[in-house]
Structure formats: structure tokens, C-alpha cells
Amino acid sequence: MVYSAYQPPIDPKHYSNLSIVLTFIGFCFLSDFVIYQFTKQKEQRILSKELAIGFFSALFLSSGTLFTFLALGLYF
């Protein structure tokens with residue numbers, strides 16, 4: 001039986017670019033969430049919109065953090 005070396009789905013040389021882009025997108029969603037919270041009255045806010053923006057913000061920021069760790073060589 002012949003085994004081949006593991007090839008990651010994303011080339012490691014792209015980790016730093018992915019970390020910057022994903023973190024930037026996450027901060028864009030985060031700023032949209034903060035602006036939405038400060039500009040709308042409590043009665044005008046929509047829970048589903050808040051949850052959606054919060055979900056995508058958390059998703060992109062966590063992915064950006066993961067690729068930042070991978071780009072720095074921190075493997076857990």
C-alpha cells in the first residue's frame with residue numbers, strides 16, 4: 001500500500017491573505033451591528049436581523065482568527 005503526503009485544501013502560502021480578508025469582512029459586519037444598535041430605537045430593532053449580522057460577524061472573525069494562527073505557525 002502506497003501512502004501520499006497530506007495536501008491541505010488551502011495552500012499554506014494563502015493563509016496570511018485569508019486572515020486579513022476574513023478579519024476585515026468580520027469587522028465590517030461587526031461595525032454594521034454596532035451602528036444598527038446605536039441608531040435604532042429598541043422598539044424598531046428586528047431580532048432576526050440582529051442574529052444574522054451577529055452570526056456572520058462571529059463566523060468571519062473566528063475564521064480570520066484561525067487563519068491568523070495558521071499563518072503564524074500556531075497549530076493546536
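In which helix is Phe 29 found? Phe 29 is found in helix H1, where helices (H or I, at least four residues) and strands (E, at least two) are DSSP runs, numbered from the N terminus. This is a predicted model, in which local features need pLDDT of at least 70 and side-chain atom pairs count only at pLDDT 80 or more, while totals for chains, interfaces and linings use all residues. Residues are numbered from 1 along each chain as its sequence is written, and side-chain values use heavy atoms, with hydrogens and water left out.

The protein chain holds two helices and zero strands. Its radius of gyration, taken over C-alpha atoms, is 18 Å, well over the 11 Å that the globule rule gives for 76 residues, so the protein chain is more spread out than a compact globule; that rule is 2.2 Å times the number of residues to the power 0.38. Along its principal axes, the C-alpha trace spans about 65 × 25 × 20 Å. Of the 76 residues, 14% are buried, where buried means under 20% relative accessible area, exposed over 50%, and partly exposed in between (1.4 Å probe, protein chains only).

In one of them, the rings of Phe 29 and Phe 56 have their centres 5.8 Å apart and their planes at 25°, so the pair is stacked. This pair links distant parts of the chain, since Phe 29 belongs to helix H1 (residues 15-39) and Phe 56 to helix H2 (residues 47-72), 27 residues apart. Phe 29 counts as partly exposed at 26% relative accessibility, and Phe 56 counts as partly exposed at 36%.

The rings of Phe 29 and Phe 60 have their centres 5.7 Å apart and their planes at 10°, so this pair is stacked. Phe 29 lies in helix H1 and Phe 60 in helix H2, so the pair ties together parts that are 31 residues apart in sequence. At 22% relative accessibility, Phe 60 counts as partly exposed. Ring pairs link Phe 29, Phe 55, Phe 56 and Phe 60 into a cluster.

Leaving aside residues up to four places away in sequence, Phe 29 touches Ile 53, Phe 56, Ser 57 and Phe 60, a contact meaning heavy atoms within 4.5 Å. Across the chain, 67% of the contacts with a separation of 6 or more are between residues 24 or more positions apart.

Leu 47 has its place in helix H2 and counts as exposed at 59% relative accessibility. Leu 47 and Asp 11 are 36 residues apart in sequence and 38 Å apart in space, C-alpha to C-alpha.

How values were computed:
Rings of Phe, Tyr and Trp (its six-membered ring) pair if their centres lie within 6.5 Å; planes under 30 degrees apart count as stacked, over 60 as edge-to-face and the rest as tilted.
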